[in-house]
Amino acid sequence: MGRKKEVVFDEQPPDFDPANPYKDPVAFIEMREHIVREKWIDIETSKIIRDKLRWCYRIEGVNHLQKCRHLVQQYMDSTRGIGWGKDGRHPDQHAPKVQSED
């Protein structure tokens, strides 16, 4: 018995219609909960990377600019486009996350 390699979640509730979101109130609430869940996952992932970056700065000392550069890039990529902004845009309209090639 071991851990699963990857957990796969649904992209959105199956009966949600973005063209008419208020048609099915249950699907609307499920979609809203899905969006909130995904935002929390992104925020917590950024916090984990930030903690790794703090540790790297502390351990590497004066060489942190060279040794921790990859963590800085990961942290900057992970914080781009997340948070609880009040700009009123649907999350699909935000800039896509850039996957770093490690």
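**View 1. Arginine 32 in helix 1.** Arginine 32 is part of helix 1; helices here are DSSP runs of H or I with at least four residues, strands are runs of E with at least two, and both are numbered from the N terminus. At 47% relative accessibility, arginine 32 is partly exposed, a class that sits between buried (under 20% relative accessible area) and exposed (over 50%), using a 1.4 Å probe and protein chains only. Look for proline 13 as well: 19 residues separate it from arginine 32 along the chain, and their C-alpha atoms are 9.6 Å apart.

A word on what you are viewing: this is a predicted model, in which local features need pLDDT of at least 70 and side-chain atom pairs count only at pLDDT 80 or more, while totals for chains, interfaces and linings use all residues. Residues are numbered from 1 along each chain as its sequence is written, and side-chain values use heavy atoms, leaving out hydrogens and water.

**View 2. The whole protein.** The protein has 3 helices and 0 strands, running α-α-α from the N terminus. Of its 102 residues, 17% are buried. The accessible surface is about 8800 Å², with 55% belonging to carbon and sulfur atoms; such areas come from the Shrake-Rupley method with a 1.4 Å probe, and for residues only the protein chains shown count as cover.

**View 3. Helix 1 from end to end.** Helix 1 covers residues 25-60, and its 36 residues reach 53 Å from first C-alpha to last, close to the 52 Å expected at 1.5 Å a residue. That expected span is 1.5 Å times one less than the number of residues. Its buried residues include Met31, Ile35, Ile43 and Leu53, and among the elements covering the buried set are helix 2 (64-67) and helix 3 (69-79). After helix 1 comes glycine 61, with a positive phi near 65°.

**View 4. Phenylalanine 28 and its neighbours.** Phenylalanine 28 belongs to helix 1 and is partly exposed, with a relative accessible area of 25%. Leaving aside residues up to four places away in sequence, phenylalanine 28 touches Phe16, Pro21 and Tyr22, where contact means heavy atoms within 4.5 Å. The count of aromatic pairs comes to 1. Tyrosine 22 and phenylalanine 28 form this tilted pair, 5.0 Å centre to centre with 40° between the planes. Rings of Phe, Tyr and Trp (its six-membered ring) pair if their centres lie within 6.5 Å; planes under 30 degrees apart are stacked, over 60 edge-to-face and the rest tilted. Tyrosine 22 itself is exposed at 63% relative accessibility.

View 5. The structure holds 3 salt bridges, each a side-chain nitrogen of Lys or Arg within 4 Å of a carboxyl oxygen of Asp or Glu. Lysine 47 meets glutamate 44 at 3.4 Å, N to O; the two are 3 residues apart in helix 1, so about one helical turn separates them. Aspartate 51 bridges to arginine 54, with the closest N and O atoms 3.9 Å apart. Here too, being 3 residues apart in helix 1 puts about one helical turn between aspartate 51 and arginine 54.

**View 6. Arginine 80 with aspartate 77.** The side chains of arginine 80 and aspartate 77 form a salt bridge of 3.0 Å, N to O. Arginine 80 is partly exposed at 41% relative accessible area, whereas aspartate 77 is buried at 8%.
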